[in-house]
Amino acid sequence: MFLIFALITILGALAMFQQKNVIVAGLCLVLTFFGVAGLFLVLANPVAAALQIIVYSGAIMVLVLFTIMLLNSHEEEPAIKARPIQRWVGALLIAIFGAFAFRIVAGSKALAAVNDKALPVEGMNLNRVGEELFANHLLGFEIIGLLLLAAMVGAVALTKKEL
Amino acid sequence: METLAHLTGMSVVTIWTLLKVLLVFGFIMAVAPPYTWVERRGSAMMQDRIGPNRALLFGKWQILGLGHALADGIKFFFKEDIVPPHATKRLFWLAPLLAFVPALMGFAIIPFGRSFVYQGSMYHLSLLDPGNGMGMLYPLAIGAVAVYGILVAAWSSNNKWSILGGMRSSAQMVSYEIGLSLAVIAVFMKVGGYDPADIIKDQMAVGWFVWRQPLGFLVFFTCMFAESNRLPFDFAEGEAEIVAGFHTEFGSMKFGLLGLAEYAHMITASGLITTLYFGGWSVPFMPDAPVLLTILAFMVKLLFFMWVFVWVRWTLPRFRYDQLMFLGWKVMLPLSMANLIFNAWLMSRGG
């Protein structure tokens, strides 16, 4: 199961980079999001999986595709010129970040805990998410609320010509 | 069941799941064609005309024109499958599937009868067992994904009308989703859980949510019409403006699938309305009704709401697009927000 979803995620992401057509690339990204949602399911966290689909594939990607469709024509745009240096720098950066991410994950306490003893897997549910959010992360929650409100007001102010 | 499990070498659980999959999907596929017939005959009834009655079964029996549903299906299969030369080929093939699969999947979470114990093991009458942790988030997620079918269909046709229609209806689905989610959250709050089984249990104990949150029901009901692209909100198409919207270029079984997807959406929407606001499979005044009776109760409620979809279609006039957006953002969203805050206030006072 893990392998299937991991493959969906990685292949979706790779296909997205390969695609010259922006819309198809966007759909490949949606496929990647589905793979990630599946991985969350394998990790016994259906809430995260559902939210991943609702927020990322359902809202964000739809809006992105929407904008592309409004602006773009059907033609695929050829690259103006090949940029080999940037390509290699990109690959190098990916390698460096990947190595660091791997080190952080491998050295994390949670992984050690998983390896230590066979913990009884307890599925996540909304009630637990809510309790955790309001008991231990209340300040962060409120700040994010404020931030989102500010972003929303900003968006309205930008689009309205006369206020 | 045990003998079947023994014969096929599968576990009882697997067979039960397979059986449920067949039952639910078979039900939707079997109900959709007669549903088109109900739609056509219903519209005829309301407009004081006879409606389709020409197709004869085996050239003999008229049976109120029921043969038309069958004839439509046969016709879809035998029509030439045309792919317009300017279309994006692969996406054009993919689009009907993208529209149809989410429409079918949404029904999986809805319990259609009481869970029962048979020979010491528990059987649940819903595809996804209660306590799976997804609960009612699942139909919301699937509903969010349903937009892709329309977007891809519109874009891959490479036709201005298609894109306009697809844009309209996806914008409408995205905007009404917010009001819908807020209305559902008020139900979650009251129940203290988000599993359909919990929601139904709570309604059996206290009362249906239509009576407890009439405002929430109104918002949810309206948003469901917008979500399934039905009149009075059918902006995907408009003969006079954009031809047939996102399915202009689709013919043959591709069009058939898009049509089936619409009907499957309505069936799922009726199921959700039944589960969230009308007590699901619970039988009024009978706390422990027999299993078959609960299935019957669910079916009656489901079919009633499916009829309501047809009924509303031929009763209300169509909106204009700006009116639709006005209704969605400036009426439905504040209403569901008010419903949420009012219920939170009631609960904070111990209600």
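Just after helix 6 of chain B, N158(B) adopts a positive phi of about 55°. This value, like those below, comes from a predicted model.

Helix 6 of chain B is itself mostly covered. Eleven of its eleven residues are buried.

The contact between the chains was examined next. In it, 20 residues of chain B are in contact with 20 residues of chain A. On the chain B side, the elements giving two or more residues are helix 5 (137-145), helix 6 (147-157) and helix 7 (160-191). Helix 5 of chain B supplies the largest share, six residues. By class, the side of chain B that touches chain A has 16 nonpolar and four polar residues. Charged residues are absent from that side.

A141(B) links this contact to the core. Beyond residues up to four places away in sequence, A141(B) touches A50(A), I53(A), I54(A) and G58(A). A141(B) also belongs to the largest nonpolar core, which has 108 residues. Within that core, A99(B), A141(B) and F220(B) touch the most other members. Helix 12 of chain B gives the core its largest share, 13 residues.

Helix 12 (residues 252-277) of chain B also packs with helix 13 (residues 291-313) of chain B. Their axes come within 8 Å and cross at roughly 125°. The two helices are therefore oblique to each other. The crossing of helix 12 past helix 13 in chain B is right-handed. Helix 12 of chain B contributes M266(B), I267(B), S270(B), G271(B), I273(B) and T274(B) to the contact. These meet F298(B), K301(B), L302(B), F305(B), M306(B) and F309(B) in helix 13 of chain B. By class, this contact has eight nonpolar, three polar and one charged residues.

Note on methods:
Residues numbered from 1 in each chain as written. Chains lettered and ligands numbered in written order. Predicted model: local features only at pLDDT ≥ 70, side-chain atom pairs only at ≥ 80, totals over all residues. Axes fitted to C-alpha atoms, helices over the stretch in contact; angles between N-to-C directions. Helix = DSSP H or I, 4+ residues; strand = E, 2+ residues; numbered from the N terminus. Parallel < 35°, antiparallel > 145°, perpendicular 65-115°, else oblique. Left-handed = near helix turned anticlockwise from the far one by under 90°. Contact = placed C-beta atoms within 7 Å. Nonpolar A, V, L, I, M, F, W, Y, C, P; charged D, E, K, R; others polar. Core = buried A, V, L, I, M, F, W, Y, C linked by C-beta atoms within 7 Å. Buried ≥ 20, exposed ≤ 12 C-beta atoms within 10 Å, placed from the backbone.
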